[in-house]
Structures are given as structure tokens and as C-alpha cells.
Amino acid sequence: MRHKDFFFWGTLACAATVVAFITLPLVQMLSAPSFEALSDAILDKDVLNSIVLSLSAASLAALISFILGTPLAYLLSRREFRGKRLVEGIIDLPIIIPHPVVGIAILSVTGRNHWFGQFLTDFGIRIMGSVTGIVTVMVFVAIPFYIKAAKEGFDAISPRLENVSRSLGASMFSTFFRITFPLAWRSMLAGIIMACARAISEFGAIVIVAYHPMIAPVMIYERFESYGLKYSQPVAVWLIAICLILFLLLRILTTRQKKNV
Amino acid sequence: MITLENLHIELGEFNLHNIDLHIEENDFFMLMGPSGAGKTVLLEAIAGLVTPQQGRIKVAGKDITALPPEQRGISIVYQDYALFPHLNVADNIRYGLHFHRRDKQVGELRLRELLELFDLQQLEKRYPGTLSGGEQQRVAMARAMIINPQVLLLDEPLSALDPRLREEFRLILKQLQQNTTATILMVTHDFAEALALGGRGAVIHQGRVEQVGTMEDLFQRPQSTLVADFVGMKNLFAVRLQNETADLGPLHIQLGRHFDESRGYIAIRPEDIVLSTTQLQSSMRNSFRGAISQIISQGFYYEVHIAVGETNFCALVTKGALLEMELAEGKEIYLFFKSTAIHIF
């Protein structure tokens, strides 16, 4: 056998450290609560409600990201225009900005002192402490992930396919639904799952905008603050289990995509 | 049929200026020019996929400059074929039928016809990813033809095919031309191809039309050095064809295949001619002895001109080969080429 050098062992050590660093706390947390504590947690109405709220609000946020983000992703993939870089930079902002700042920023335009907040109030829309507020924050933080994934999917499709489709008599709409969408849906779905996972994990901004109704991360935080580690863990386990399933789905989808190409 | 009036297009690095062209109905028109001359952009403008900044496009007397591509009835076949990867061969070809209201049976009949014309019956259920280049091209052609286009645009259809398929495809094109009323506009950077297929053509260089005319005009009477340079392909000879040989004065060139026409042109690319200082025992059917008349440096390569009797051949060699064979002007040398390296038209 060939002698493995310092580079090989060094790389291996770093890789092992990173993997252990990520898995150890998670495994520890997953295995800490007893089965009883877990079943108690999920039977607790507040816990169940918070998880259901987290999931449904995140799904709604992902759906909104899909509807609003798809045209923008397509535009960014197909057209060159002045200020495109700026638009791309703006889309990246929610990823960069600290989460509590996002919450404060959203509150500052939707508060009563702002004309936009006044406008919303006139229509009976409340952001502070409402599901609407939760979904709003979730869309804010999740939409960049969807747009990036969808744009990548569109980038991979040659514009010539669309050109040929149009020359054969298809309108832009028909072309999108017959050619572009069937070729890009995997990327779009991956983007939706990404956005959904990101929305579920949001805490910092939501805790500012809507402490109640309580989403799962806020519930975990509250239990930790009031009762300690032991009581927050079972809720966390349930949330993690759900996130893992989402990401597993994502992995399966993306690997299948590679096989097809 | 197609009239382009004072067309200006600016698209990134491509610029077309003052394009004025008139193409007759049912013509097979060649748009020629070196790579990067903006030929594909011009095709896309005619198809409505690129918006010109200025000028007008008319087809059959109707101004279509502002018409969206789906209302033009102009099909385009790209160099990379652009088949829809998620549809099988039959569905690819059928695609245009969805948008042209007509009897379903008539559409299916047309599909069968095209599958037969392009010899695709066996491949009907296959997906584009599993097809060879030649097969993909035939699917792309059939797909373009199913809507009975007024105009068929072909973007370098022969450049991605190997030589044997080229000849086959040229026959298909000729046959297609007789079967359709479509005016065909083809882009190529290869003058030999244009000469073989087209009636009339235009040479485009740096976004301008340099010359328009019949192929013979362009070849015999180039009006600018650019055109002369473009059409001046090396080793192009007028010959008399007889059975499987082409007679070039006293030289008899073996073609390895039979041709019906009695007169024609043959062309051999300089890089396909092999030089040797001794008579080679090789499978190459054509071998001649001549004297080097001139050696011209072309950067990495040298152009070696050899006089065989009255005929001048041009070959490309590397510097290494030049030194090794001690090539010099006046030196006697043998030249060889395969019969498959001969382009006939």
C-alpha cells in the first residue's frame, strides 16, 4: 500500500472534526430526552400547536416565495438589464442582515407610525403578534433561498429551447409551461424545500414581531428560559426531526436530478 | 419573399449595420461569413427572437418587424439542434402541432410523413439524450418542418456532422427543398458547403453585407478582398467526373465513390494532404509527385505549395515536420490524400 502523507491525514482530521462538530451536539440532544418526555411533549397541546403553526406558516411562506419569486428568478436568469447586480444584491440582503434587525425593520414599516402600517391597519391587517406577521417575516428570510435555487434551474436551460418553442407557434406562456417548467421543476421544488426549512428555523426576527402565537423555536426558547434545558429538549427533538426529514427530501431530489443529467 | 431593409441590430458583442437583402421565394439562400460575423443574430432577428434597433423585415410583402415569433411561421434549426430533452422524438416533432389548429389526423399524417422523410421511424420513442448528432439533427429538421413554415432558417447545419453524414444530409436538404414551398435561409462559415447547396448567397463580414449574388458570382467575381479571401478556399479545382475518378487535366484523382454528374468541383482541405519525401505504402488512394513552389509561415503551421504539373496543391505542415523532411522551395516531394478527404460539388 502506498504511504499516505501528511496532507492526506491532515485533510482527514479536519473533515472528521467538522463532521463530529456538527453531529455530536445534535445526536446528544436527540438522545437526551426519554421516550416518555418525547411523547409527553407531543401530547402537550401547546407544543403540538406551535409545531403545526411553524410548519404551516413555513409552508405558506414557501408557497408565497414560489409564486412571487419564480418570475423574478426567471427574469434574473434570462435578461440583462441595468441595475441587475443591484437587484441581486438586494435579494441577498435578508441572508446577511442579523435576524433581530429583520424583525425590527419589518415592524418599523408596519407600525402605526408609518404610512404603510397605517395603510395595512385600514385594511384590518395586523403584523405585530399575528400569524400574518410570522408569515411575513418567514417570506422575508426565505425568499432569497428560493430565488437562488430557481434561478440556477433556469440558468441550466438553454434559451434556444424557448426560442425554438416560440418559433413553432407557442406563446411565452405556453413555452414556460410546456418547456421551461418541466425542465426546471426539480430546482424549483428544491428551492421550495430550502425556503421552507429556512422559514421553520427562523427565530430572531419572529420573536420580535410575534412572540405570540408561538412558533416552535419561540416555544423552545421559552421553555428553556422558564424551566431549563430538560424541558426545552423534547420540543427541539421534534422540530429537528421534522427539519431532517425536509432536508433528506432535498438530498434525494437533488441526487436524482444529477442522475438524470 | 424575404426583404430586409436597413436593419440595425446591436446585441452585446454582435453588431449588424445597414443590412439590405432580398431573398426570392423558394430560394435556398446562403448567409456566409467567418465565425462571429453576426450570422446567427441575423437569423434570430428574422425569426423575431431578437429585436432590431432599426429597419424593417418583410416576408411575402408583409411587414413582420413587430410581430412576435409565434405569429411569423418561421422555423429555426440551431447548430446544437436544441431538442426538448424531456420529450421523445415523436413528441418533439409533434410540438408545433399544439399551436396550429388543424385536424388531428392531418397532423398525425404529417408526422408520419416527416418520420419517413427523415428516416426516424425506428427512433420515435427515444429521447434526445440517447441520439447521435446526425439523428438529433434530423429530428430538429422534422420538428421545424411540421408547421409547414414559410421560411426555414438553418444555423450551420453541417458543421457539427462528420464528413460522411454531411454528404447524406446534403442529399436530404436537396430532397427537402424539392418537397417544400419554404424559402430556406442557411448560415454557414464554410464556402464549400455553400457552393454545394445554394443558389444565391451573401457574404457577411463584421456586421455588414459585403456582397450578394449567385455562388458562381461570389466565387468567380469577388468584389472585395474580404470576399475573395473568404471564398478563396485552397485546393478547389474544376474537374471532369468519370465513374469513380475526377480528371484534372492529366491527373486522375480517385474518389472512391460513384458520381452521376459529369462536371463539378472538388476541394481538399490543406490539412488533409500528407507530405512525404519518399513514396509511401499507404491506404491513401491518391498519390502524386511534385515540386515545392513556395513555403509560407502561418504561425504554428507552414503552408506548403506544391506544383504537380499545371496544378498547384496546398498542404499544411507543422514546423517539426518541415524541419524533419528538410522541405525547401524547389524540392521534389510526394503528396497523398484519402479519397474520403475529397469534397465534391
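Modeller: Happy to; what follows goes from the interface to the chain behind it. Please keep in mind that this is a predicted model.

Let's start with the extent of the contact. Chain A brings 18 residues to it, and chain B brings 26 residues. Between them the two chains bury about 1900 Å², with 65% of that area on carbon and sulfur atoms. On the chain A side, the residues that lose the most area to chain B are A:R160, A:S167 and A:L168, which together make up 36% of what that side buries.

The rule finds 2 salt bridges across the interface of chain A and chain B. One of them joins the side chains of A:R166 and B:E70, at 2.6 Å from N to O. That distance sits inside the 4 Å cut-off for a salt bridge. As background, side chains of opposite charge can pair when their charged atoms come close. Counting polar contacts between chain A and chain B, with both residues at pLDDT 80 or more, gives 5 residue pairs.

Which elements of chain A give two or more residues to the side that touches chain B? They are helix 8 (159-167) and helix 9 (172-201) of chain A. Sorted by class, this side of chain A holds 8 nonpolar, 7 polar and 3 charged residues.

Stepping back to the chain as a whole, chain A has 12 helices and 0 strands. Its C-alpha atoms fill a box of roughly 75 × 65 × 35 Å along the principal axes.

Two details away from the contact may interest you as well. Helix 1 of chain A, residues 6-31, has 26 residues and reaches 36 Å from its first C-alpha to its last, close to the 38 Å expected at 1.5 Å a residue. This helix 1 bends by about 30° at A:T23, and the proline A:P25 follows within four residues.

The other detail is a pairing inside chain A. Over all chains, a search of the whole structure finds 19 salt bridges. Among them is the one between the side chains of A:K148 and A:D92, at 3.1 Å from N to O. A:K148 belongs to helix 7 (residues 131-155) of chain A and A:D92 to helix 4 (residues 84-96) of chain A, so this pair ties together parts that are 56 residues apart in sequence.

Note on methods: Residues numbered from 1 in each chain as written. Chains lettered and ligands numbered in written order. Predicted model: local features only at pLDDT ≥ 70, side-chain atom pairs only at ≥ 80, totals over all residues. Heavy atoms only, no water. Contact = heavy atoms within 4.5 Å. Buried area = accessible area lost by both parts, 1.4 Å probe. Polar contact = N/O pair within 3.5 Å; in protein donor to acceptor, adjacent residues only side chain to side chain. Nonpolar A, V, L, I, M, F, W, Y, C, P; charged D, E, K, R; others polar. Expected span 1.5 Å × (residues − 1). Bend = angle between axes of the 7 residues up to and from the residue.
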